[in-house]
Amino acid sequence: MDVKRFITSIALTASLAFASGAAPRQELPVSERPKLMWIDLSANWKTFSSPDSVDYYVKKCKDAGFNTLVVDVKGTGSAVAYPSDIAPQLKEWKGITRPDDYDFLARFIEQGHKAGMKVFASFNIFCEGHGLFKRGLLYGDDHRDWQSVNYVPGKGLVPATEIEGKATLFVNPALPEVQDYERSILVECATKYPVDGVMLDRTRYDNIQSDFSPYSRKQFEKFIGKKVKHWPEDIYEWVADGNGKYDLKEGKYFKQWIEWRASVIHGFFSSTREALKAARPDVQLAAYTGAWYPSYYEVGANWASKDYDPSEDFDWATPQYRNYAYGDLLDLYTNGNYYKNVTLDEYRKSNGTYLNETDSRLSKGEHLCVEGGCLYSKNLLKDNAFCGGLYVEDYGKDVEQFKKAVKMNLKESDGLMVFDIVHIILRDWWLPLTAAIASQEATMEAQQSGNTAR
């Protein structure tokens with residue numbers, strides 16, 4: 001696939017449509033488009049361990065131009081930051097204990113709604129173990145069999161808890177009991193609290209190495225209607241290159257394996273949407289993923305629209321892969337354009353390669369910058385709106401590049417997501433952030449007014 005030619009054509013089509021007065025994908029007024037501030041559970045534990053801090057920073061977010069808060073309530077270590085009848089409750093983290101009478105999520109909802117903002121509760125879905133702190137359900141005896149079994153280069157099949165140095169431990173998403181458990185927590189939160197929505201994060205496989213458990217083998221064989229003689233080599237094989245590294249050699253069932261894993265994740269989104277809407281019809285189902293779709297098949301998450309057929313562009317996709325796209329099931333979606341290069345021109349002047357968080361190998365393509373990521377996502381999602389996301393840490397101390405990224409996400413997507421508030425606080429970038437949002441929205445409002453006048 002010629003990604004450069006593809007993105008250039010998308011950009012040209014978008015500019016021509018705008019010039020001719022075509023209706024934008026998002027009909028909301030510019031100022032009402034979703035602008036999400038993410039509040040990570042672990043990184044902000046100390047800061048938000050008192051009601052006063054919640055009140056102060058909710059106002060800061062509102063004044064900066066945000067209208068939505070994404071409050072992380074379930075990290076990678078299983079425990080949730082509110083009293084649950086299902087999951088363990090996190091009360092202490094890194095030496096800081098929260099008072100028994102302090103309901104962290106309730107305070108955010110109260111203050112957020114008072115400020116006229118929406119509040120989404122965010123959950124790390126298929127993660128149940130924090131490897132660095134040895135915390136989570138996978139470290140107990142009752143749920144150890146939930147853990148992912150990874151096909152590790154040079155070591156073979158290894159349970160997640162036995163992989164040395166592994167920080168985030170995933171469960172096997174295909175297990176019905178895992179899906180039932182994760183879904184029940186989402187429904188509980190949506191019925192216990194007046195959240196506007198639930199945001200699903202890490203609703204995927206760990207990486208290309210997972211999951212090769214006996215259960216997954218059985219279910220995959222059922223999916224393809226035949227036995228797999230050589231496991232896992234008939235899926236793929238890690239082949240040593242003689243320099244201490246390993247290359248992935250695809251087996252005869254590799255494409256069907258990729259399709260099956262996508263069907264598992266799609267199935268979870270479908271059943272979860274049904275359960276949430278049955279419990280609370282007004283609650284929104286939202287999700288976050290990385291923006292690097294050309295390699296995101298490695299984690300089984302097809303976040304595109306079913307109207308997009310990846311088999312026309314990629315040799316890893318079967319014609320049926322599009323059937324397991326879940327973008328159309330979401331009420332709100334935000335991606336992660338997590339790159340220091342903001343414009344296509346900046347990317348073209350770079351070395352062109354990038355290793356995304358979930359990738360097994362270096363990636364290349366013009367989607368690997370903020371502008372390209374937005375344009376590419378727009379095509380994949382068709383009529384579905386999305387918020388372009390940025391990772392503040394990518395910009396180091398370069399506040400001008402950060403502001404450029406804020407503006408680009410607003411310009412080329414249907415909103416904005418900033419990850420994470422901790423980086424804004426530490427850098428004291430509230431004024432630059434506020435100025436970037438106000439400036440870009442003023443420009444867009446002027447353009448809209450001009451089109452309306454014509």
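**Exercise 1. Charges over rings**

Task: Identify the ring over which the charged end of Arg 98 sits, and the ring whose face Arg 261 lies over.

Solution. The charged end of Arg 98 is placed over the ring of Trp 45, at 3.6 Å from the ring centre. The structure is a predicted model. In a further case, Arg 261 lies over the face of Tyr 205, and the distance to the ring centre is 4.4 Å.

**Exercise 2. Geometry of aromatic pairs**

Task: Classify the pair Tyr 56 and Tyr 57 and the pair Trp 316 and Tyr 321, and state the burial class of each residue.

Solution. 
1. A pair of aromatic rings is described by the distance of the centres and the angle of the planes. Planes over 60 degrees apart count as edge-to-face.
2. The whole structure contains 39 aromatic pairs. One of them joins Tyr 56 and Tyr 57, with 4.8 Å from centre to centre and 85 degrees between the planes, and is edge-to-face.
3. Trp 316 and Tyr 321 have ring centres 5.2 Å apart and planes at 80 degrees, so this pair is edge-to-face.
4. Buried means under 20% relative accessible area, and exposed means over 50%. Tyr 56 has 46% relative accessibility and therefore counts as partly exposed, whereas Tyr 57, at 15%, counts as buried.
5. Trp 316 is buried, with a relative accessible area of 5%, and Tyr 321 is buried at 1%.

**Exercise 3. The faces of helix H5**

Task: Determine which residues of H5 are buried, which are exposed on the other side, and what the buried residues pack against.

Solution. 
1. Helix H5 covers residues 214–224, and its buried residues are Ser 216, Phe 220, Glu 221 and Ile 224.
2. Viewed down the axis of H5, these buried residues fall within an arc of 135 degrees, so they line one face of the helix.
3. Pro 214, Lys 218 and Lys 222 are exposed on the other side of H5.
4. The buried residues pack against helix H6, residues 254–279.
5. Phe 220 also belongs to a cluster linked by ring pairs, whose members include Tyr 151, Trp 231, Phe 254 and Trp 260.
6. Gly 225 follows H5 and has a positive phi, near 75 degrees.

**Exercise 4. The nonpolar cores**

Task: Name the residues that touch the most other members of the largest nonpolar core, then list the contacts of Leu 105 and Tyr 193.

Solution. 
1. In soluble globular proteins, nonpolar side chains tend to be buried together.
2. The largest nonpolar core has 129 residues, of which Met 37, Phe 66, Leu 69, Leu 105, Phe 123 and Tyr 293 touch the most other members. H6 gives the most to this core, with 10 residues.
3. Another core, of 11 residues, lies apart from it, with Val 70, Phe 120, Met 199 and Cys 387 among them.
4. Not counting residues up to four places away in sequence, Leu 105 touches Val 71, Val 73, Ala 81, Tyr 82, Ala 121, Cys 189, Tyr 193 and Val 195.
5. Tyr 193 is in the loop between helix H4 (176–192) and strand S10 (197–201), and is buried, with a relative accessible area of 7%.
6. With neighbours within four places in sequence left aside, Tyr 193 contacts Tyr 82, Pro 83, Asp 103, Leu 105, Ala 106, Ile 109 and Arg 280.

**Exercise 5. Backbone geometry in loops**

Solution. 
1. Lys 94 is not a glycine, yet has a positive phi of about 55 degrees.

Key
Residues numbered from 1 in each chain as written. Predicted model: local features only at pLDDT ≥ 70, side-chain atom pairs only at ≥ 80, totals over all residues. Heavy atoms only, no water. Buried < 20%, exposed > 50% of the residue type's maximum accessible area, 1.4 Å probe, protein only. Helix = DSSP H or I, 4+ residues; strand = E, 2+ residues; numbered from the N terminus. Arc of directions from axis to C-beta. Contact = heavy atoms within 4.5 Å. Phe/Tyr/Trp six-rings, centres within 6.5 Å; stacked < 30°, edge-to-face > 60°. Lys NZ or Arg CZ within 6 Å of the ring centre and 35° of its normal. Core = buried A, V, L, I, M, F, W, Y, C linked by side-chain atoms within 4.5 Å.
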